[in-house]
Amino acid sequence: MSGKVRDYSQLAKDILEAVGGEGNVIGATRCATRLRLVLKRSDPKAKDKVASMPGVITVVENSGQFQVVIGQHVGEVYEKFSGLVNLEESDEQSENKGTIVNRIIATMSAVFAPFVYILAAAGILQGALIIISLLFSGFAETGTYQVFSFISWAPFTFLPIFIAITAANHFKTNMYIAVACCAALVSPTWAEIAAQISEGSSMNFLGLALSPTTYTSSVLPPLFLVWILSYLERFLNKRMNEVVRPLLVPFLCMIIMVPLTILLIGPITTMGANGIANGYNFLAENAPAVAGAIIGGFWQVIVIFGVHWGITPMVLANFEQYGRDSFQAYQTIAVIAQVGAVLGVILKAKSKETRKVSVSAGVTGLFGITEPAIYGVTLRFKKPFIFGCISGAIGAVAASFFNPYYFAYAGLPGPLTIVNGISSDYPTSIWGILLGAAIAIVLPIVLIQIFGYGEDTAKQVDDKRTVEKEGVSAQSTNPDNNEEAVYAPFTGKVIPLSEVPDEVFSSGAMGQGLAIEPTDNKLHAPFEGTVVMVAPTKHAIGLRSESGVELLVHIGLDTVSLNGEPFELKVADGDKFKKGDILIEFDQDFVHSKGLTTITPIIVTNSGAYQEVIVENIQTSTLSDRLLTVVK
């Protein structure tokens, strides 16, 4: 439930309370748009509760993290949240970091997110210099150009120092020791030594041959240095007398970690990063259309799960080795495709609220941040997201025939960084990117105008309402052809949504509707349509009518804890059904024996796409009773 919020302190407090308080929080980090929490226990109610808060776009649980998508104000919320919790390293925290993959993703996010806007700003400055140099011949020879040029390259040259700061915070080690060690890696003296070794000079350290690896703009060497440093520093702190500890711990850390990195950690990790980059480059050079299709089509899927930071070392390795990278060229097209999908919704939507949300989300997409567009618009209506992915793939494939590259790193690839694809050595690059971008932004608009974006553009219902009562079919005419009926899926007692003893439903955050306490044990289809979601624990089902009304039927409250035992599915995800078909059977006595209720919320989850959802005024329901009327 995204909305304007200025009291970030209160929002942080509300999030902390919803996820179980300070005692349930193991770790907290942030990226460009998300507050990322690692929790001891995940309460099934917490996700919907936090997602409904003003200022929160949505919540994603993935990679062992409870990810609260906030948008551009995530920094303010993270700052307030950090002040509410004590996140000192503990044995319990170490034991709860999840799988190796999850820990790698969490580390990449924690390390790069705090300074990604610095890299993005430097990339934009480089792009501006490219444009000015094209417009004014000789500008590249001026002092003005030289000054701005070294300013733009400084964050990349001294990237290991940025990594030292954020990695020290993540790994809970002394930041100043980490900075001192990483500063040694980018020392001009080491660069001179490495150059001499590259030219054939033999040089060793304590009898061990030195490698000519340099560390300016490197990622993995400083990252691994700080990680290992965190263990070394803790080891020394526990065993060193407190009188000499402040001096000897930094001394020993520096004389151990810097040589260890130069001799072993640096060459190995650099080789690994370059190997991954070379693997991707082999695909991009030998099957560019395949590489383009994969990145253009699936990059935003990766963004959904918040694991996109894991690709950063490979991209930076490409720039370090070759001064160019095709991944970000294709990535830009994928981003623009989602912006195009949002524009398509803006042009097609009839709802003022939908257009308002879409405009806001589209603006952030211009700056390369697509989470608001994805969660607020394209994924919400499903079709726009799919059209965006298809368009991104097609656009990237078209671009692949022109050798598209970025020649300056873009922290947040998007429409504003297209100029990073300009180079006199690869003159077709920018034209390929522009062609791909044009396809990516136009195609989803066209597709949405033709096929609609999900709800109000779907096929209209028949102008006759069929009401089956006691085996007799009766019909009533709807001359405006702008309403659809949702009939009762159970016989039972009707309960207003506001009286449901679950705040997620009673607050209306998930949509408008009501609840029924059933007297039978069969869930019947309330209209004709398709099954679009079946909960793994079988207690909830998502339905879509032929005209696009999306309905969630949640049998009982907290019944997810029953792991599906009392429920028997009669349909599967994707199945078509007719009104009155039995969708689920369940054992009411079993549910009650576990101390749970069978009160069943029935929610129109896409209520915002319609003018009104009318709740019929009835106290009890039969299968022939109309519960809701959706006005289009």
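1. The crossing of α15 and α17 is left-handed. This is a predicted model, and the points below describe that model. Helix α15 covers residues 327-348 and helix α17 covers residues 371-381; the two pack with their axes 10 Å apart, at an angle of about 40 degrees. Angles under 35 degrees count as roughly parallel, so α15 and α17 are oblique to each other.

2. On the α15 side, the residues that meet α17 are Gln-338, Ala-341, Val-342 and Val-345. Their partners in α17 are Ala-373, Ile-374, Val-377 and Thr-378. Sorted by type, the residues of this contact are six nonpolar, two polar and no charged.

3. Helix α15 also packs against helix α19 (residues 428-451), here at an angle of about 30 degrees and with the axes 7 Å apart. With the limit for roughly parallel set at angles under 35 degrees, α15 and α19 are therefore roughly parallel to each other. The crossing of α15 and α19 is right-handed.

4. Which residues form the contact of α15 with α19? Those in α15 include Ala-329, Ile-333, Ile-336 and Ala-337, as well as Lys-348. Among those they meet in α19 are Ile-433, Gly-436, Ala-437, Pro-444 and Gln-449. The contact divides into 15 nonpolar residues, four polar and one charged. Ala-341 and Val-345 are listed in the contact with α19, and both are also listed in the contact with α17.

5. In soluble globular proteins, nonpolar side chains tend to be buried together. In this model the largest nonpolar core has 78 residues, and the members that touch the most others are Phe-112, Ile-163, Leu-223, Val-226 and Tyr-280. Helix α12 (residues 245-286) supplies the largest share of this core, ten residues.

6. What does Ile-163 touch, leaving out residues up to four places away in sequence? Its contacts are Val-111, Phe-112, Phe-115, Ala-168, Ser-218, Val-219, Pro-222 and Leu-223. Of these, Phe-112 and Leu-223 are also named among the core members that touch the most others.

7. Gly-580 lies in the loop between β17 (576-577) and β18 (582-586). Is Gly-580 buried or partly exposed? Its relative accessibility is 34%, so Gly-580 counts as partly exposed. Apart from neighbours within four places in sequence, Gly-580 is in contact with His-524 and Ala-525. Ala-293 is 287 residues from Gly-580 along the chain, and the C-alpha atoms of these two residues are separated by 43 Å.

Conventions. Residues are numbered from 1 along each chain as its sequence is written. This is a predicted model: local features need pLDDT of at least 70, side-chain atom pairs count only at pLDDT 80 or more; totals for chains, interfaces and linings use all residues. Side-chain values use heavy atoms; hydrogens and water are left out. A nonpolar core is a set of buried Ala, Val, Leu, Ile, Met, Phe, Trp, Tyr and Cys residues joined through side-chain atoms within 4.5 Å. Buried means under 20% relative accessible area, exposed over 50%, partly exposed in between (1.4 Å probe, protein chains only). Helices (H or I, at least four residues) and strands (E, at least two) are DSSP runs, numbered from the N terminus. Contact means heavy atoms within 4.5 Å. Axes are lines fitted to C-alpha atoms, for helices over the stretch in contact, and angles run from 0 to 180 degrees between N-to-C directions. Angles under 35 degrees count as roughly parallel, over 145 as roughly antiparallel, 65 to 115 as roughly perpendicular and the rest as oblique. A crossing is left-handed if the near helix is turned anticlockwise from the far one by less than a right angle, and right-handed if clockwise. Ala, Val, Leu, Ile, Met, Phe, Trp, Tyr, Cys and Pro count as nonpolar, Asp, Glu, Lys and Arg as charged, and the others, Gly among them, as polar.
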